[in-house]
Amino acid sequence: ETRFLANISHELRTPLTSILGLGELLLDGDLDPQQRAFAETMHRSGQRLLAIINQFLDLSRIEAGFIDLEALPFDLSSLLEQLAAEFAPLASQKELVFTVERSQNVPSTLMGDGLRVAQILQNLLGNAIKFTKQGHVQLRVSLHDTKSERALHFVVKDSGVGFPVDKRANLFKPFGQADESVTREYGGTGLGLAICKQLAELMGGEISAESHAGEGSAFTFVLPITPAP
């Protein structure tokens, strides 16, 4: 099953990439308003489909043990700046207050797989903005240094719809949602958090969630760290 998912996802992604490229060429052309609206809808739909396919590929690779994590220096400051630049406009469109806070003792440069760390945070922030209609979305980064562990705690907190306590166990399962109505209203495959959990565990970390229905959510990503030399 895992190999089938990987193969079919790859075969779907190749022609879809071509379709998206043609859509971009159309959008660069001289279109009347109706044609441009059609082309933009086609391109957005293609991007959403490509994101879903990429999630299937990631999940299948993780489950098959084909994910190789890098252990290279990466700039946490730049990563946080890029996340702020990516998600602040999305939050602004919904009139949400978006903030990124970093404790002063958090190192600027770390060893690890910066792309996978970014992938986890992008998923958590994307969900937070998607499920929040008013209020705030916040990313906080702090260093927890004890005798047994030195780890970063990334906390994504929002004032969104939240979820009941008894639904927490389903959040990190493939295709899991806190409620089926979430899929109908907000969309999504239910794969993102499952991928995040498995990536975090591959890096020696963990992800947990706290929430109550209608009272917002807080997702915590704990990442053991090794400062870059």
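Visitor: At roughly what angle do the axes of α4 and α6 cross?

Guide: In this predicted model, where local features need pLDDT of at least 70, side-chain atom pairs count only at pLDDT 80 or more, and totals for chains, interfaces and linings use all residues, the axes of α4 and α6 cross at roughly 145 degrees and come within 10 Å. Axes are lines fitted to C-alpha atoms, for helices over the stretch in contact, with angles from 0 to 180 degrees between N-to-C directions. Helices (H or I, at least four residues) and strands (E, at least two) are DSSP runs numbered from the N terminus. Residues are numbered from 1 along each chain as its sequence is written, and side-chain values use heavy atoms, with hydrogens and water left out.

Visitor: Which residues of α4 and α6 meet there?

Guide: From α4 come R116, Q119, I120, N123, L124 and N127, which meet G192, L193, I195, C196, L199 and A200 of α6. Contact here means heavy atoms within 4.5 Å.

Visitor: What about α2 and α6, at what angle do they cross?

Guide: Helix α2 (residues 33-63) and helix α6 (residues 192-202) have axes that cross at roughly 35 degrees and come within 10 Å. On the α2 side the contact is made by Q55, D58, L59, I62 and E63, and on the α6 side by G192, I195, Q198, L199 and L202.

Visitor: Back to α4, how many residues does it have?

Guide: Helix α4 has 17 residues, and its first and last C-alpha are 24 Å apart, close to the 24 Å expected at 1.5 Å a residue. The expected span is 1.5 Å times one less than the number of residues.

Visitor: Which residues of α4 are buried?

Guide: They are G114, R116, V117, A118, I120, L121, N123, L124, L125, A128 and I129. Buried means under 20% relative accessible area, exposed over 50%, and partly exposed in between (1.4 Å probe, protein chains only).

Visitor: How many residues are in the largest nonpolar core?

Guide: That core has 45 residues, and those with the most contacts inside it include V117, I120 and F154. The largest share, 8 residues, comes from α4. A nonpolar core is a set of buried Ala, Val, Leu, Ile, Met, Phe, Trp, Tyr and Cys residues joined through side-chain atoms within 4.5 Å.

Visitor: What does F154 contact, leaving aside neighbours within four places in sequence?

Guide: With those left aside, F154 is in contact with L76, V117, L121, L139, R140, V141, F219, T220, F221 and L223.

Visitor: And H153, is that residue buried or exposed?

Guide: H153 is buried, with a relative accessible area of 17%. H153 lies in strand β5. Not counting residues up to four places away in sequence, H153 touches R140, V141, S142, H144, T220, F221 and V222.
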